[in-house]
Every structure is written in C-alpha cells, then in structure tokens.
Protein chains: 2
Amino acid sequence: MTILITAGPTREAIDPVRYLTNRSSGKMGYALADAAAQKGHRVILVSGPTEIDVPDGIDFIPTESAADMYQAVEYWIGKADIAIFAAAVADYRPAQIAEQKIKKSGDTLTLELVRNPDILGSARSTFGFNGVLVGFAAETEDVEENALGKLERKGCDLVVANDVSRKDIGFDSNENEILLVYPDRIVPLEKASKHHLGHQLIEVVEGMITPSNHQ
Amino acid sequence: MTILITAGPTREAIDPVRYLTNRSSGKMGYALADAAAQKGHRVILVSGPTEIDVPDGIDFIPTESAADMYQAVEYWIGKADIAIFAAAVADYRPAQIAEQKIKKSGDTLTLELVRNPDILGSARSTFGFNGVLVGFAAETEDVEENALGKLERKGCDLVVANDVSRKDIGFDSNENEILLVYPDRIVPLEKASKHHLGHQLIEVVEGMITPSNHQ
C-alpha cells in the first residue's frame with residue numbers, strides 16, 4: 001500500500017531571518033515512515049524542517065511552511081491509501097513577510113497573524129480523500145476531549161493523541177505515550193519508544209484498510 | 001585568556017508548543033569556541049538551542065530565551081578577557097506566554113511583542129565589561145552602515161558583519177564571508193569555511209588584547 005505521512009514542525013517566516021515554529025522534532029512521524037517502509041509499503045514523507053536523517057527507501061518531500069506542506073499534500077494524497085498527518089502545522093502565519101530583516105524600533109511590536117490552510121481538515125472535503133485518515137493531536141490539556149473534537153471535525157478514522165505538557169513524552173523525547181481515539185472508543189497504548197510505537201501504529205492502520213477504502 | 005562566546009538562536013515562547021526564533025545555526029559561534037579552545041584559551045560558550053555537538057574542553061552554558069542568555073552573560077562576563085557575541089538574539093518576545101497551547105479561533109490573531117534586554121548593548125554600560133568586545137551583525141541590506149552603527153551604539157571594539165541574504169554564506173551554510181568593522185577601518189576577509197574563519201577571528205581578537213583591557 002501507499003502511505004502518506006507528514007512530519008515535523010512548519011516554519012512561518014516573519015522576515016528573511018525570523019520565523020514562527022513549534023517544538024515538534026519530527027521523531028514520531030519519521031518513526032512511522034521508517035516502520036512503514038520496513039513493512040514494504042511505499043512511503044511518501046512530507047516533512048517540515050527537522051534534523052533527522054531521511055529513512056532509506058522512501059519518497060521524501062521537504063517543505064517549510066504550512067502553505068508548502070498543504071500544496072505537497074494536495075498533490076500526493078491522491079496516490080495514497082492511508083494518510084497519517086503527524087506534522088505539527090502552524091495554525092497561523094504572519095500576515096506579511098518582510099523582504100528585509102526588520103530593524104528594532106520601539107518598545108513593543110505587533111505581529112498580525114492570519115490562519116493557515118487546514119491540511120487535515122481539507123483531506124476529506126477539498127482533496128476528496130477516501131482512504132484511511134489518521135490525525136495527531138498534541139495537547140497540553142483536555143487531551144481526550146480535544147482529540148475527539150478533532151476526529152469529528154476533520155472526518156478522521158483515528159486520532160493519535162498525546163499530552164505534550166509531560167516532559168517525559170514531549171516533542172523532543174524519544175518516548176511517547178499515546179491514546180488511540182476512534183469514533184466509538186479510546187485505546188491507550190503503553191508508554192514506549194517512538195520507534196516501537198511507530199511499528200505498532202503502522203500495524204493498527206494496516207488493520208483499518210477495507211476493500212472500500214483501498215483505492 | 002578567558003573568552004566568553006555566545007552562539008545560536010534564541011527561542012521566545014508563545015505557549016508550551018510554539019515559539020519565535022531565527023535561522024541562526026550556531027555554526028559560526030561554535031567554530032569560534034572550538035578554535036579558541038584549541039589555542040588553549042578557557043572558553044565559556046553561552047548557547048541557544050542548536051543541533052551541534054559541544055566542542056571538548058569548554059564550559060558550556062545552555063540557554064533558551066534572550067532573557068536566559070542575558071542572565072548567563074551577566075554572570076559569566078565578569079570572568080572574561082574577551083567577549084564575542086555571535087548569537088542571534090531575538091529583539092522581541094511575546095508580551096505573555098500562554099500557559100496552555102493556544103486553540104485556534106478566528107481568521108486572524110494579534111501577537112503583542114515586547115523588547116528583549118539588549119545583551120551586547122549592556123556589556124559596557126550595565127555589566128561594566130572593559131575587555132575586548134566583539135559583536136556580530138547579520139544583515140540583509142546596508143551591511144557596512146548597519147554594522148558601523150552597531151559598533152558605535154554598543155561600544156564594541158569590532159563588529160563582524162555578514163550578509164545573510166546571500167544563500168551561499170547564510171546562517172545554515174558551512175561557509176561565510178565577513179567584514180571586520182573597526183571604529184576606523186573595514187577589513188574584508190575572503191570567503192572561507194566557518195571553521196577556518198573561526199581560527200582567523202580568534203587570532204584577530206588575540207591581537208586586540210592590550211595590558212589595559214587584560215583584566
């Protein structure tokens with residue numbers, strides 16, 4: 001099967017030097033890509049900037065901003081049976097990107113932000129994807145409630161939720177402890193390495209493929 | 001001699017997940033630290049978050065925000081004969097850090113920023129440093145003019161200026177091409193590896209030590 005995976009943070013430029021980003025390391029998404037490739041799937045990895053070596057045997061699509069990632073996903077999702085959106089995509093970007101480095105002036109500065117396109121939310125409606133759709137929810141509070149809301153709003157088959165306020169399983173950690181949030185049930189997975197969870201999750205999504213959503 | 005070097009970007013938190021930062025890789029500052037240590041100096045490296053391995057034989061002070069870096073420099077600069085500020089410190093930080101991940105709402109968002117403390121500008125006036133003071137100016141336009149202004153305003157003995165709009169010598173590059181901007185003259189150095197320039201610059205600052213500013 002062909003599995004599209006997004007991973008890492010996005011960078012939203014303020015000027016040629018500064019940008020908005022987030023603490024996603026990409027480790028979970030890359031672990032998924034690695035696991036999927038090892039199991040013989042074709043993997044398309046659409047990644048924001050990370051420091052991780054690209055796993056062997058995958059199609060790697062580097063991106064920077066949420067807009068870049070949206071375009072890449074829009075193009076590649078048509079080829080996928082399963083789409084796993086593990087990237088931490090910025091919800092907002094600066095309304096304008098300054099062409100030159102902004103010089104400091106004044107004690108305060110107001111940065112106007114505008115909404116980014118919603119990549120996960122576009123999968124069903126705009127991209128017409130009818131394969132297995134998996135979202136990620138990195139939360140700091142109300143983890144289950146937020147994940148369930150995301151599942152319903154975005155038309156996901158599964159949302160993988162974790163509490164990134166916990167230092168032991170946060171973005172930069174090599175471990176994670178996740179909840180599998182389905183429309184009708186929540187399944188906690190034991191704390192484990194992201195590598196191990198990557199393999200577990202690929203098995204889970206393989207089991208969700210039915211003839212109707214196998215394109 | 002004891003050389004204090006700052007390196008890397010800073011991260012200014014918006015909430016537990018998002019932050020403002022810049023494209024500094026830390027490569028130039030770490031090359032300086034490495035060169036100084038190899039020449040037998042005591043090196044105190046105050047660094048923002050980078051992906052570079054810490055060179056052997058140096059005192060490493062990890063920091064994250066500009067406020068962290070300010071505090072670290074305030075403490076350590078009293079021990080230094082030479083201070084080289086190669087870090088790309090954020091001029092502004094969010095006025096407030098949200099305790100929980102900010103949920104998206106609305107098509108726009110306004111981020112209020114406030115000025116960060118000026119670390120280089122505090123060296124002479126606030127910290128009372130009278131050793132050799134070297135600043136860096138990463139510019140995208142009017143490189144010489146901006147570097148000279150910085151030299152004068154901050155009381156530097158030398159400003160190392162480069163044009164980060166050039167892709168071949170930018171933040172993430174392993175090469176750089178710099179101007180040495182002194183109060184009375186500008187000396188261009190040939191494009192070279194950051195490693196090589198690190199050694200050249202350490203020789204330059206060694207030559208600037210006089211009995212009066214050797215503490």
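## Close-up views of a predicted two-chain model

**Figure 1. A:Y92 and its bridge partner in a strand pair of chain A.** The bridge partner of A:Y92 in β8(A) is A:R115. The view is taken from a predicted model. Strand β7(A) and strand β8 (residues 108-115) of chain A run antiparallel and are joined by three bridges. Strands of a sheet pair through backbone hydrogen bonds, either parallel or antiparallel.

**Figure 2. A four-strand sheet built from both chains.** The strands of this open sheet follow the order β7(A)-β8(A)-β8(B)-β7(B), and their pairing is antiparallel. At the edges stand β7 (92-94) of chain A and β7 (92-94) of chain B; each has a single partner strand, so one side of each is left without a neighbour in the sheet. On average, neighbouring strands here are turned by 40° against each other, direction ignored. Between the chains, β8(A) pairs with strand β8 (residues 108-115) of chain B over seven bridges, in the antiparallel sense. Within this pair, A:E112 stands opposite B:T110 of β8(B). In chain B, three bridges link β7(B) with β8(B), again in the antiparallel sense. There, B:P94 stands opposite B:L113 in β8(B).

**Figure 3. The two chains laid on each other.**

**Figure 4. The eight-strand sheet of chain A.** In chain A, eight strands make an open sheet with mixed pairing, in the order β5-β4-β1-β6-β9-β10-β12-β13. The edge strands are β5 (59-62) and β13 (186-188) of chain A, and each of them pairs on one side only. From one strand to the next, the twist averages 15°. Strand β1 (residues 2-7) and strand β4 (residues 42-47) of chain A pair in the parallel sense, over six bridges. In this pair, A:T6 stands opposite A:V46 of β4(A).

**Figure 5. Two helices and the sheet of chain A.** Helix α1 (residues 27-38) of chain A packs on the eight-strand sheet. The strands touched by α1 are β1, β4, β5, β6 (82-85) and β9 (132-139) of chain A. The direction of α1 makes about 165° with that of β4(A). Helix α4 (residues 143-154) of chain A lies across β9, β10 (158-163), β12 (179-181) and β13 of chain A. This helix runs at about 155° to β10(A).

**Figure 6. The buried residues of helix α2 in chain A.** Helix α2 covers residues 66-76 of chain A, and its buried residues are A:A66, A:M69, A:Y70, A:A72, A:V73 and A:W76. An α-helix has 3.6 residues a turn, so residues three or four places apart point the same way. The elements of chain A that cover the buried residues of α2(A) include β1, β2 (12-13), β4, β5, β6 and α3 (119-125).

**Figure 7. A:D81, a loop residue of chain A.** A:D81 is placed in the loop between α2 and β6 of chain A. Is this residue buried or exposed? A:D81 counts as buried, because its relative accessibility is 7% and the cut-off for buried is under 20%. From A:D81 to A:L20 the separation is 61 residues in sequence and 32 Å in space, C-alpha to C-alpha.

**Figure 8. B:G170, a loop residue of chain B.** B:G170 is found in the loop that lies between β10 (158-163) and β11 (175-176) of chain B. With a relative accessible area of 8%, B:G170 is buried. Which residues is B:G170 in contact with, leaving aside its neighbours within four places in sequence? They are B:V164, B:E175 and B:K194. B:G170 and B:E12 are 158 residues apart in sequence, and their C-alpha atoms are 22 Å apart in space.

**Figure 9. Cysteine 156 in each chain, and the annotated span of chain A.** A:C156 is buried, at a relative accessible area of 6%. B:C156 is also buried, with a relative accessible area of 6%. An unreviewed UniProt entry places the feature "domain: DNA/pantothenate metabolism flavoprotein C-terminal" at residues 2-206 of chain A. That span is 27% helix and 30% strand, and its end C-alpha atoms lie 11 Å apart.

Technical notes
Residues are numbered from 1 along each chain as its sequence is written. Chains are lettered from A and ligands numbered from 1 in the order in which they are written. This is a predicted model: local features need pLDDT of at least 70, side-chain atom pairs count only at pLDDT 80 or more; totals for chains, interfaces and linings use all residues. Side-chain values use heavy atoms; hydrogens and water are left out. UniProt positions are given in the numbering used here, feature names are shortened, and annotations may be inferred rather than shown by experiment. Buried means under 20% relative accessible area, exposed over 50%, partly exposed in between (1.4 Å probe, protein chains only). Two strands pair if DSSP finds at least two bridges between them. Axes are lines fitted to C-alpha atoms, for helices over the stretch in contact, and angles run from 0 to 180 degrees between N-to-C directions. Contact means heavy atoms within 4.5 Å.
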